[in-house]
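I set out to look up a few local features in this model and to note how each was decided.

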Amino acid sequence: MTAPRPSTPRKVLDRLSLPERTYVADALRTETVGGVLLLAAAVTALLWANIPGMHDSYESVAHFHLGPASLGLDLSVAHWAADGLLAVFFFVAGIELKRELVAGDLRDPKAAALPVVAALCGMAVPALVYVLTNVTGGGSLAGWAVPTATDIAFALAVLAVIGTSLPSALRAFLLTLAVVDDLFAILIIAVFFTDGLNFAALGGAVAGLAVFWLLLRKGVRGWYVYVPLALVIWALMYNSGVHATIAGVAMGLMLRCHRHEGEAHSPGEHIEHLVRPLSAGLAVPLFALFSAGVTVSGGAVADVFTKPETLGVVLGLVVGKALGIFGGTWLTARFTRASLSDDLAWADVFAVASLAGIGFTVSLLIGELAFEGDQAMTDEVKASVLLGSLIAATLATVLLKMRNAKYRRLWENEERDEDADGIPDIYEEDDPAYHQRLADLYERKAAEHRRIAREKAAARHGLAEVPGGAGDDHHRPA
């Protein structure tokens, strides 16, 4: 009887497949640009709200109301940004999640275990840190969910500046982690921040989603069909009492993200490609512009470390996120047959886990929901989110810079394409045609070097003969 062949242990954060690497590179490119715009919007908001003489204009614009009151949509500009524009962001998050489930890392339960466990631990530990801080300090537990979210766009903007050589596996880990993180953040918003359901509006929203799904399954095309329907679904969801962003993620999850035969891209991938720039370049920066404008002073920053609510948010983002994600990843490797990639060290995982402490967009949104009606506390919590995200970004910068030389070598190895066929060599090592192309390339180079060597030798030989004759003439007597 033949003994069963032992399976090869799976590597954690190992090299991505070529299709996944291409998808991640495209997604990160858009998110990085969006992150830079997000950062610019946040800085603009802080300056607008804190420069003397401009604060009143910021408040006037943010609280200016517009929209049809008869439909329950007479909202402030800031409200439109939080409930309206962020629905676009969550629509893209829904597509990302669907794609990961049917075509990405989350399709394989073994591969999905790592980002799911890491994301869950990366949300549970910050919440626990917040709760412990407020129980011991006598603060409010209402903000327990504020430090649980990661802002992928902001994190990638930091990576664009400090981690240009970061291996694609670590970037993909951060991206997948954030997708799972977004899912649980959506569930938190839906379950814990929904008050007073309007069942008629909720039923209408569900019916609209059913029509949306049916049209997709029938293959109906045309933005003029789906955009008006999406707006109706969003308005009904908003009036139902459920946070309106849930409509966005629900519609995103309905799109087909697997390819049929002959398709270059699935409908979900195509729509994500069209909508992601709108989300990253407009929706999220505008939300940041009208959410990050809190009054900051030396005293206000000092207060962040004295009040249990704000201290809990900072500690949750800086300490809880890093320990939770690192611990979840280590536990996954420890209690499964997985092991860390040979190219990486656990210090790399901790650095990326620290970067996940940047909890900007969704944390600001949850802060507004958690302390609704208490504007002073809302502003203080927003300030703590900004400060905690800044500390997390600084810590991650230091840790990543310490390993930058190692990352550069890994990146160069990943990007090397000696046969110039557009595919990195590392993905063609088992392809005989690749080795034949390399052999032909090296032979051409060798022939060129032999030709140059012959020409140099001939030139040296010719020069050696000329001085001899010239010398005889030179020494002949006059």
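I am working with a predicted model, in which local features need pLDDT of at least 70 and side-chain atom pairs count only at pLDDT 80 or more, while totals for chains, interfaces and linings use all residues. I number residues from 1 along each chain as its sequence is written, and I take side-chain values from heavy atoms, with hydrogens and water left out.

Cysteines. I looked for disulfides, defined as pairs of cysteine sulfur atoms within 2.5 Å, and the count comes to zero. For accessibility I call a residue buried under 20% relative accessible area, exposed over 50% and partly exposed in between, using a 1.4 Å probe and protein chains only. Cys-121 is partly exposed because its relative accessibility is 22%, whereas Cys-257 is buried because its value is 2%.

Helix α9. I take helices as DSSP runs of H or I with at least four residues, numbered from the N terminus. Helix α9 spans residues 245-254, and nine of its 10 residues are buried, among them Thr-245, Met-251 and Met-254.

Asn-134. I found Asn-134 in helix α4, residues 109-137, and it counts as buried because its relative accessible area is 1%. A polar atom of its side chain lies 2.8 Å from the backbone oxygen of Tyr-130, and one lies 3.2 Å from the backbone oxygen of Pro-308. Counting contact as heavy atoms within 4.5 Å, and leaving aside neighbours within four places in sequence, I list Gly-139, Ser-140, Leu-141, Pro-308, Glu-309 and Gly-312 as residues in contact with Asn-134.

Note on methods
Helices (H or I, at least four residues) and strands (E, at least two) are DSSP runs, numbered from the N terminus. A polar contact is a pair of N or O atoms within 3.5 Å; within protein, one must be able to donate a hydrogen and the other to accept it, and residues adjacent in sequence count only if both atoms are side-chain atoms.
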